[in-house]
Amino acid sequence: MDNMTKSNSDIEQNKPHKRRVRYKGTHPRTYAEKYKEHNPDKYKDTIEKVISKGSTPAGMHISIMVEEILDLLEIQPGQKGLDATLGYGGHTSKMLEKLEGKGHVYGLDIDSIEIEKTKKRLSDKGFGSELFTAVNINFKDIDKVAEEYGPFDFILADLGVSSMQIDNPERGFTYKYDGPLDLRLNPNQGVSAAERLNRISLEELEGMLIENSDEPYAYEIAKKVIEERRRKKIETTLELKNVVEKAVSQSKETRNMSNNDKEELMKKCCARVFQALRIDVNNEFEVLYEFLEKLPDVLAPGGRVAVLTFHSGEDRLVKKSFKSLKNAGVYSEVAREVIRPGREECIRNPRAKSTKMRWAVKSIF
């Protein structure tokens, strides 16, 4: 071999060691600094410690109501299933285990960034292409997926935003950290929340906040957004948070509140405003309506579906659809009452508290 030519292994060995970025203090604070939480297989003790404190490790997502979902779907080896909202892949992993190596699960996700990570995560667990297929598509397009892979014996749709998206400041889903005000599930499609916010009228913004999150201070917040926008465009998460806090703290109703009560109220208002914007830029209600409309046609006779919702608007749509189609004879059974996670799960994972689950079974006739 030519002395001037180095093998790949030689090059790898001669690469300078790259140290991780140091953080200030004794504990990592920012999302990027939490290197142990980003490596759950390597630092299992750290992960368990974070979860035991009621927190979600950075870069992870804790699946909600897993046992309840598996009980309702009654998955059997050899069946074909669909996880309409793949996310971190926690639910999918458990559904694949139920197949015992026979059958197939298809996972859909509009997020082009997270879907590749989840595909690798499941592959590393032993769920290769013979058992699992990931499809980068919006779950409203289940009819297109079914044309190639359906019909399906079981379907799950978890409508919550994954913790990986919420916690990563670069995605702009949270008011707790500074980052670009984006909020798009697929950052390559549509307009960002910042673009939407800097074009919208006062009346439309007020209506959005009421319809998408039942925000009681919708007018005050919308008015303050328009005022602040005239001086400077709102482009980051903390800029929007500051506008919301100004609006709420200056309202008549909050003037006599204690500081603690006012602080708690502002947190809830910020959460509702970010939720309303996220629903808007991702057309979430329209997407859910389309999904529910197409759902019966992609289920096999006797097929079962479970849907997890996280706010009243979503739950109303699911409840109405299931009830209407049950009356029409399309579904043989539907959930009479909403199912919620247990107390212990909510303590271990506070993000489960707002979860509601409904289910349906397609008629065999």
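## Cysteines

A disulfide here is a pair of cysteine sulfur atoms within 2.5 Å. With that in hand, a search through the whole of this predicted model turns up zero disulfides. Take Cys270: the nearest cysteine sulfur belongs to Cys269 and lies 7.2 Å away, so Cys270 is in no disulfide by the 2.5 Å cut-off.

How accessible is Cys270? Its relative accessible area is 0%, so Cys270 is buried. Cys346 also counts as buried, at 15% relative accessibility.

## The sheet

Let's turn to the strands. Seven of them form an open sheet in the order S3-S2-S1-S4-S5-S7-S6, and the pairing is mixed. Which strands stand at the edges? They are S3 (132–135) and S6 (331–334); each has a single partner strand, so one side of each has no neighbour in the sheet. From one strand to the next, the twist averages 15°.

For a look at one pairing, S1 (residues 80–83) runs parallel to S2 (residues 104–108), and four bridges link the two. Within this pair, Gly81 is opposite Val105 of S2.

## Helix H3

Helix H3 spans residues 66–73, and its buried residues are Val66, Ile69, Leu70, Leu72 and Leu73. Because these cover an arc of only 165° around the axis, they fall on the same side of H3. Glu67 and Asp71, on the other side of H3, are exposed.

Notes. Residues are numbered from 1 along each chain as its sequence is written. This is a predicted model: local features need pLDDT of at least 70, side-chain atom pairs count only at pLDDT 80 or more; totals for chains, interfaces and linings use all residues. Side-chain values use heavy atoms; hydrogens and water are left out. Buried means under 20% relative accessible area, exposed over 50%, partly exposed in between (1.4 Å probe, protein chains only). The arc is that of the directions from the helix axis to the C-beta atoms. Two strands pair if DSSP finds at least two bridges between them. Axes are lines fitted to C-alpha atoms, for helices over the stretch in contact, and angles run from 0 to 180 degrees between N-to-C directions.
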